[in-house]
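Colleague: Before I use this model, I would like to know what stands behind the terms used for it. Can we go through them one at a time?

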Amino acid sequence: MKLSLPLFALAAIATSTHAAERLTVTVTHDLAIARPAETIAVPWKSVNDALPHAGIQHIVVKDAAGRVLPHQVTNVAPEAKDPQKNGVAYGELLFQHDFAPGEKSATFTVEKTDAVVPPFPTKVWARIVPERLDDFAWENDKVAHRTYGPALAAPAPAGTDKEVLKTSGLDIWFKRVPYPIVDRWYNIGHDHYHHDEGEGIDMYNVGTTMGAGGTGIWAGGKLYSGINFTRWKVLANGPVRAIFELAYDGWDAGGTKVSEVKRFTVDAGHWFDRIDSTFTFAGSAPLQAAVGLNKAPADKGEDGKSTFTEDAKAKALVQWVAQKKSGDFGVAVILPSAGNPAFGADARNAFMLAPATSGQPLRYYVGAAWTRGSEITSREQWQRTVSDEAARVAAPVRVSLSAR
């Protein structure tokens with residue numbers, strides 16, 4: 001599904017561009033597979049150099065056929081002053097392209113326009129949910145997630161039945177629909193979104209496990225993980241990409257105090273989110289970080305059967321969960337920095353291992369899909385999806401620019 005503006009808005013944009021002021025963007029890659037919803041990033045400085053004083057509300061991005069593409073400009077310094085209108089607060093121009101199998105090159109133009117370009121419909125976003133005990137939730141058009149904040153970890157006041165859960169595990173909300181559902185599900189409430197009422201279901205079991213892509217430190221044959229995040233920050237919020245950070249206070253990892261900041265990058269049209277975890281601890285020697293999955297995430301009463309594949313070639317841990325009533329689902333983590341992937345497990349989690357150096361981000365990818373909410377209907381299809389994602393991660397697209 002492609003994002004689109006109303007026809008009258010697209011026509012106004014297309015007929016009012018200045019053809020002499022354009023930046024040509026050529027994107028190439030080396031893979032034979034399809035790359036749907038490939039996100040293309042162009043530094044805003046390059047846009048401004050080619051199109052001086054371009055306003056983010058006065059540019060269009062077009063593909064080779066002249067079609068206007070949804071785009072986003074990230075705002076990395078929202079309090080920056082910009083009297084020269086050079087866009088000093090902006091980071092990147094983002095847009096997407098569906099590379100067909102065998103299509104290894106595509107060309108786009110970025111052009112100024114006199115027309116005001118309205119916002120594009122968003123397919124990805126993230127927010128804190130204070131009305132639900134400080135959950136943090138995010139979603140794209142494929143899948144939704146949440147994790148848990150300080151209010152959920154706080155003790156229940158005397159005489160109340162407030163829920164208490166201490167965990168840094170990540171949750172999954174499986175969707176049937178491409179439109180945003182997070183706000184609607186929180187609105188209809190817990191007793192509804194735990195049943196499939198037409199838009200999907202929250203049936204993934206996290207508890208105090210790693211959930212779907214949680215982290216920890218593996219030391220002395222034991223897993224040490226933090227609990228609920230304590231601080232959050234949204235850095236970008238659609239329509240193409242959401243970026244946010246969650247900070248976890250220090251915890252004891254076998255005698256070493258460790259804290260963590262996770263930066264999530266969530267793109268429209270993707271089954272997988274990118275996460276960069278920065279662990280902070282004393283000393284220069286690396287610790288063994290674990291990125292993992294709950295061994296038994298099936299919903300209650302489903303008699304779930306979970307199987308794992310340790311895919312050394314893809315540098316991935318792939319899980320498939322068969323259920324009796326609500327459909328099957330796949331979950332996976334990809335850890336591209338693992339030279340020779342190492343795998344491990346404890347009683348409740350399976351995980352991948354990689355050295356983490358204090359202050360340096362460790363990058364990994366976490367994804368999920370449900371047989372009733374996607375084109376992925378079998379364990380074999382999920383395995384291929386994971387392999388394709390790993391190939392994309394290992395061979396990113398190349399972007400070259402020319403102005404005329």
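Modeller: Start with pairing: two strands count as paired if DSSP finds at least two bridges between them. This is a predicted model.

Colleague: What makes S20 and S21 a pair?

Modeller: S20 and strand S21 (residues 316–322) are joined by seven bridges in the antiparallel sense. The cut-off is at least two bridges, so the two strands pair. Within the pair, serine 306 stands opposite valine 321 in S21. The hairpin of S20 and S21 has four residues between the strands, and lysine 315 takes a positive phi near 55 degrees there.

Colleague: Which other residues have a positive phi although they are not glycine?

Modeller: Among them are aspartate 134, with a phi of about 65 degrees, and aspartate 303, with about 50 degrees. Aspartate 134 is in the loop between strand S8 (125–129) and strand S9 (135–139). Aspartate 303 is in the loop between S19 and strand S20 (305–311).

Colleague: What is the peptide bond from glycine 238 to proline 239, cis or trans?

Modeller: That bond is cis, with omega near 15 degrees. Proline 239 lies in the loop between strand S15 (231–237) and S16. Most peptide bonds are trans.

Colleague: Why are S2 and S5 said to stand at the edges of their sheet?

Modeller: The sheet is open and has three strands in the order S2-S6-S5, with antiparallel pairing. S2 and strand S5 (71–75) each have a single partner strand, so one side of each is left without a neighbour in the sheet. Neighbouring strands here are turned by 25 degrees against each other on average, direction ignored.

Colleague: How do you know that S2 pairs with S6?

Modeller: Seven bridges join S2 to strand S6 (residues 90–99), and the two run antiparallel. At least two bridges are required, so S2 and S6 meet the criterion. Glutamate 38 stands opposite histidine 97 in S6.

Colleague: What are the edge strands of the sheet of five strands?

Modeller: That open sheet has the order S14-S13-S19-S24-S23, with antiparallel pairing. Its edge strands are strand S14 (222–224) and strand S23 (342–345), each pairing on one side only. Eight bridges join strand S19 (residues 287–294) to strand S24 (residues 349–356), where alanine 290 stands opposite leucine 353.

Colleague: What lines the second largest pocket?

Modeller: The second largest pocket has a volume of about 570 Å³ and is lined by 22 residues. Glu38, Arg241, Asp267, Arg274 and Tyr365 lie nearest its centre. A residue counts as lining if it has an atom within 4 Å of a point of the pocket, so these five meet that cut-off. S2 gives the largest share of the lining, five residues. Elements that each supply at least two residues include strand S25 (361–370) and helix H6 (379–394). By kind, the lining divides into nine nonpolar, three polar and ten charged residues.

Colleague: How many of the residues score at least 70 in pLDDT?

Modeller: The share is 95%, and the chain averages a pLDDT of 94. Over residues 1–20, pLDDT stays under 50, and the model has 33 contacts beyond four places in sequence for that stretch. Local features need pLDDT of at least 70, and residues 1–20 fall under that cut-off.

Technical notes: Residues are numbered from 1 along each chain as its sequence is written. This is a predicted model: local features need pLDDT of at least 70, side-chain atom pairs count only at pLDDT 80 or more; totals for chains, interfaces and linings use all residues. Side-chain values use heavy atoms; hydrogens and water are left out. On a 1 Å grid over the protein atoms alone, a cavity is a set of points where a 1.4 Å probe fits but cannot get out, and a pocket is an open set with protein on both sides within 12 Å along at least five of seven lines; lining residues have an atom within 4 Å of a point. Grid points are joined across faces, edges and corners, and a volume is the space filled by probe spheres set on the points. Ala, Val, Leu, Ile, Met, Phe, Trp, Tyr, Cys and Pro count as nonpolar, Asp, Glu, Lys and Arg as charged, and the others, Gly among them, as polar. Axes are lines fitted to C-alpha atoms, for helices over the stretch in contact, and angles run from 0 to 180 degrees between N-to-C directions. pLDDT is the predictor's confidence in each residue, from 0 to 100. Contact means heavy atoms within 4.5 Å.
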